[in-house]
Amino acid sequence: MLKIKNIEFKNNLFAAPLAGFTNKAYRIFLKEFPVATVVSEMISDCALMYNNQETINMLDVENEPHPIVLQIFGGKKETLISGIKILEAKANYDILDINLGCPVNKVVKGNAGSAWLKKGRENELYETMKTIVEISSKPVSAKIRIGWDQNSINCVEIAKILEKAGVQLLFVHGRTRKALYSGSCNYEMIKKVKEAVKIPVIANGDIDSPIKAKEVLDYTKADGLMIGRASLGNPYLFTRIDKYLNEGLLINEATLNMQIGYVIKHYEMLKQLKGEFKATREMRSIAPRYFKGFNNTKDYRISFTKISSSSDFYKIIDEIKLANNLE
Ligand SMILES: Cc1cc2nc3c(=O)[nH]c(=O)nc-3n(C[C@H](O)[C@H](O)[C@H](O)COP(=O)(O)O)c2cc1C
């Protein structure tokens, strides 16, 4: 079983950090599925320093099942250290993850996220990560991409730097910063990272089925998998992958009835965390995902994008149930 210091994971399937989604409510919800853990949305070091209320709210992990992984991003050693000190003071988490992969312009402009992978920053990266490991009372993980662009794929070198700095767990998304989310994932480079370091390596990118999960694990020899987009609105994917990897069983996808149960639970937990107004707005883009792939749900999916209240949400749920003869 995968273990980092004294933290033991129940399996090797990590739910990827997804800004806008992996908040406390969703993390608690997902942790009922077979996941090692769910990484938090990325938290800005500077926003922590400015005491931004929404960012401070992201540090609320009370009553969340452990292990809890909080992810921070920042472009400078000094601000990262200040941010981490605030994290340590305010949140009871288990692992500190450093975002070294975010490709978003706004983030990269601040020298954060995947800007850390740029050639010429190796020493700065090493010094920064070494200091973070020294000051952090929690084990440190890092999430990277395979490089800045196709001409500078340097994930093997980066992985070695991170290992030397004391990072204990590495998540690798098999794309460059330049590729954003296009093109196919380069699992070969993830395999090379795994061969190059002794710390556990978790493969990430485009894993959307039990078969794909096994293929990526077998090919890369990674210690685990990280799954993001494909599990949004499809948390049962973790159950299916876990069953397939551990028991060789290819079980069916979740039924419509199961999806209805999941979306209701997700919504109710989000309401508890954020209140009806915010939760309902967020569900506009989340709820339709639960009904993708089912026959005759297109109109309902569109209706979900316009909901303004809990009663709007449940009205659509009732219509789906009625149309499908569900209780
Ligand atoms: C909407 C969205 C938000 C994301 N937010 C984060 C984030 O906060 N931190 C991070 O490290 N990666 C973030 N990612 C990247 C994912 O964690 C993951 O690496 C990427 O989606 C590839 O995995 P997948 O193909 O399984 O989705 C985000 C991706 C998406 C699509």
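This is a tutorial dialogue on reading features of a predicted model.

User: What should I know about the model and its numbering?

Analyst: The model is predicted, so local features need pLDDT of at least 70 and side-chain atom pairs count only at pLDDT 80 or more, while totals for chains, interfaces and linings use all residues. Residues are numbered from 1 along each chain as its sequence is written.

User: How many helices and strands are there in the protein chain?

Analyst: Helices (H or I, at least four residues) and strands (E, at least two) are DSSP runs, numbered from the N terminus. The protein chain has 13 helices and 10 strands.

User: What is the radius of gyration of the protein chain, and what does the globule rule give?

Analyst: The radius is taken over C-alpha atoms, and the rule is 2.2 Å times the number of residues to the power 0.38. Here the radius of gyration is 20 Å, close to the 20 Å from the rule for 327 residues, so the chain is as compact as a globular protein of that length. Along the principal axes, the C-alpha atoms fill a box of roughly 60 × 45 × 35 Å.

User: What share of the residues of the protein chain count as buried?

Analyst: A residue is buried if 20 or more other C-beta atoms, placed from the backbone, lie within 10 Å of its own, exposed if 12 or fewer, and partly exposed in between. By that count, 42% of the 327 residues are buried.

User: Into which domains is the protein chain divided?

Analyst: Domain bounds come from an automatic or database domain assignment. The chain is divided into domain 1 (3-247) and domain 2 (256-323), and their C-alpha centres lie 29 Å apart. Two residues are in contact if their C-beta atoms, placed from the backbone, lie within 7 Å. On this basis, 10 residues of domain 1 are in contact with 12 residues of domain 2. Helix H1 (residues 24-30) gives the largest share of the domain 1 side, five residues.

User: How do helix H7 and H8 pack?

Analyst: Axes are lines fitted to C-alpha atoms, for helices over the stretch in contact, and angles run from 0 to 180 degrees between N-to-C directions. Helix H7 (residues 155-165) and H8 pack at about 35°, with their axes 9 Å apart. The contact is made by Cys155, Val156, Ala159 and Lys160 of H7 and Met189, Lys192, Val193 and Ala196 of H8.

User: Are Asn111 and Leu180 exposed or partly exposed?

Analyst: Asn111 counts as partly exposed because it has 15 C-beta neighbours inside 10 Å. Leu180 has 12 such neighbours inside 10 Å and therefore counts as exposed.
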